[in-house]
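Here is my note on the model, point by point. Please keep the structure open while you read.

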Amino acid sequence: KLVSISRRPPEHAPRPRAVGAMRLSPLLSAARRLRSLHFVPGGVQKYLDKALASKADALILDLEDSVAPAEKPAAREEVTRWLDTVDFGKKTVLVRINALDTPHWEQDLAATLRTRRPDMFMVPKVSARSDIERVGAVLERLEGAAGREVGSTGLLPIVTEVPQAPLRAQEIAASPRVEAVTWGAEDLGAEMGVRRRKDKDGNWLDIFQLCRSLTLLAAKAANVQAIDTVYTDLKDIAGCRSEAERAADCGFDGKMTIHPLQIDIANAAFSPSAAELKEAKEMLAAAQSQAGAFRWRGQMVDKPHLRQAQRLVDRAVDAEVAEAPVAPAWPEGPHHGKWFDELREGMVIPHALTRTVTETDNLLFTTLSLNPAKLHLDYESAKSTPFGKPLVNSMFTVALLVGITVLETTHGTTIANLGFEEIVFPKPVFFGDTIRAETEVIKARPSSSDPTRGIVTFEHRAFNQAGDLVCRARRNALMRRRPGSSEL
C-alpha cells in the first residue's frame, strides 16, 4: 500500500501511523524533511544569524563539542534565550545535548525544553536503546511542566560514536521518540585509535563504511529518516557534493552540514529533480489502471518501483524541487576598455603597453602551433635567406599586436571578436625588436537587432623601435553600450 504523508497542523492529535509512512511527531508535518541539518555553535550569535538566513531545513543548536566545558552554562543560557525569542520560521530546530556520561545533559534538557521549541533533541554517544529510554523518561516529566504534549518531542541519536553502538543501531532507531538517526566517524575513530578515516581517494575506510551502512539499514528498518554525517573538508566543495549525491543514491534522506556553502549542496542532493518528479508522478498515474505488474516505457513496473516513486513524490511535498545547479554569475569587475558610445570614427588610441620580442617567444609560439617552417626554427637555413637570420613567427606578431591593444579598447566592454578583414606585415620582426601599438576606429555602427550593443571596426597598427610599421590588422568587434546609456 502506498501512503502519502499529508500536512497536519501542530495542534491536532497524533494519528495512527500508516504502514510505510515516515514517523513524524505531532508538532510536525510532511514539511519536516531533513535534507540539510546545519550545526550552530551554542551561544555564538553571528553563526545563528548566518544560519537563519540560509535555506537549511534544520538548525542544530550545539551544546556539546563546539562549547568548552567552562562555557557550557553561558551557552546553555544563550540557547535558551534563542528558543524563547528567535523566529526560526519553518526551520526544524534541534538542540544537541551533552553525552549521557556527563553531568550536563539533564541540565541541557531542563533549560532548553520550551513550550514550542526545540522540535527535537540530538543525543550523542548513544550506546543502546536504554539510553533513549533514559532521555525519554526525563523528557516526559519536562514536557508536562513546559505545557507540551507528552511524547511530542523527537529524538535524533548518533548511533556510531562508541564501539558498542553500531551493532545495536536497529534497536536504537526503533526506540520511542526517534524520528531520525545519524552516524559519526570522529568520536568512533578516537575511541578505536584509528590513524585515518578515509583513504587517499576520499572514500571511507571499511569500518566507517560499515557503520554508515548499518545506520542506513537501521533507519529504513525502523521507518525513520537516515541522516549522513558531516563533510569536514570545508574547502572541498566538489568532494562535499559528490559525497552528498552518493548518500542520496544509497537512500539517505539528508546530511549534516558545518559550513554555509554545504547547505545548498545538501538540499540539491536530497531533493528530486523536476525530471525525476515528473517521471514518478507519471508512473503512479499509469499504475492507477493496472491490477498488478505492468510494462511502462520499456520497463517492468511492480510494487517496489511504485513505492520508490511514491517516496520521491512525498519527499517533494513542501520542499523545493532541485533544478540543475547553476554556477554563480562571474563578477563584472573593473573594466579599462571603451564602451561603444565612446568609440568615434577617426579616433586614434595610443597604447601604453610595449613588448620586446625574445627568442623564447618565437620558439614557444612556433612549436605550440606546430609550425615546421625553417624560417623560424632552423638558424642555419635562415642564414641563406635575404634576412640572414630567423624571423619571428608572423602569427605571434599579430597576436601580440591585438593583445597590446585590448586594455584601452575592448577590456571588459566587448562581447565577441567577429573576425579580421585584413592583416598585413610590411616589415619583418626579429628577436630583440620592441613593439608598440596604436588603434584607429574605422567604423562604428549600432546593432540593428539589439540597442545595447554595436559593431566597431578597429585598425590595429604595430611599430618597431625604429618606427617602422611591422603589422596592420583590421578587425570587427561586437561592443557593449555603456549600461544605462540614454541611447538604449
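1. **Confidence.** The score is pLDDT, the predictor's confidence in each residue, on a scale from 0 to 100. Helices (H or I, at least four residues) and strands (E, at least two) are DSSP runs, numbered from the N terminus. Over the chain, pLDDT has a mean of 87, and 89% of the residues reach 70 or more.

2. **Ground rules.** This is a predicted model: local features need pLDDT of at least 70, side-chain atom pairs count only at pLDDT 80 or more, and totals for chains, interfaces and linings use all residues. Residues are numbered from 1 along each chain as its sequence is written, and side-chain values use heavy atoms, with hydrogens and water left out.

3. A contact means heavy atoms within 4.5 Å.

4. Eight strands form an open sheet with parallel pairing, in the order 5-4-3-2-1-8-7-6. Its edges are strand 5 (154-157) and strand 6 (180-182), each of which pairs on one side only. From one strand to the next, the twist averages 30°. Two strands pair if DSSP finds at least two bridges between them. Strand 2 runs parallel to strand 3 (residues 92-96), and five bridges join them. Asp 62 faces Arg 96 of strand 3 in this pairing.

5. **Helix 7 on the sheet.** Helix 7 lies across strand 6 and strand 7. Its angle to strand 7 is about 160°. Axes are lines fitted to C-alpha atoms, for helices over the stretch in contact, and angles run from 0 to 180 degrees between N-to-C directions.

6. **The core.** The largest nonpolar core has 58 residues. Such a core is a set of buried Ala, Val, Leu, Ile, Met, Phe, Trp, Tyr and Cys residues joined through side-chain atoms within 4.5 Å. Helix 7 gives the largest share of this core, six residues. Leu 59, Leu 61 and Phe 270 are among the residues with the most contacts inside it. In soluble globular proteins, nonpolar side chains tend to be buried together.

7. **The antiparallel strands.** Strand 14 (residues 434-446) runs antiparallel to strand 11 (residues 348-350), with three bridges. Here Val 348 has Glu 440 as its bridge partner. Strand 12 (residues 355-356) also pairs with strand 14 in the antiparallel sense, over two bridges. Arg 355 stands opposite Ile 435. Strand 14 pairs with strand 15 (residues 453-463) too, over ten antiparallel bridges. A hairpin of six residues connects these two strands. Pro 446 sits opposite Gly 454 of strand 15.

8. **Cysteines.** How many disulfides are in the whole structure? The search finds zero. The test is a pair of cysteine sulfur atoms within 2.5 Å. Cys 240 counts as buried because its relative accessibility is 3%. Cys 471 is buried too, at 0%. Buried means under 20% relative accessible area, exposed over 50%, and partly exposed in between (1.4 Å probe, protein chains only).

9. **Thr 397.** This residue is in helix 15 (residues 394-409). Thr 397 is buried, because its relative accessibility is 6%. Not counting residues up to four places away in sequence, Thr 397 touches Val 392, Phe 425, Val 429 and Cys 471.

10. **Backbone points to check.** Arg 117 and Pro 118 are joined by a cis peptide bond, with omega about 0°. Pro 118 lies in the loop between helix 3 (105-112) and strand 4 (120-123). Lys 125 is not a glycine, yet its phi is positive, near 50°. Lys 125 is in the loop between strand 4 and helix 4 (129-146), and is partly exposed at 24% relative accessible area. Asn 223 also has a positive phi, about 65°. Its loop runs between helix 7 (206-222) and strand 7 (225-228). Asn 223 is buried, at 18%.
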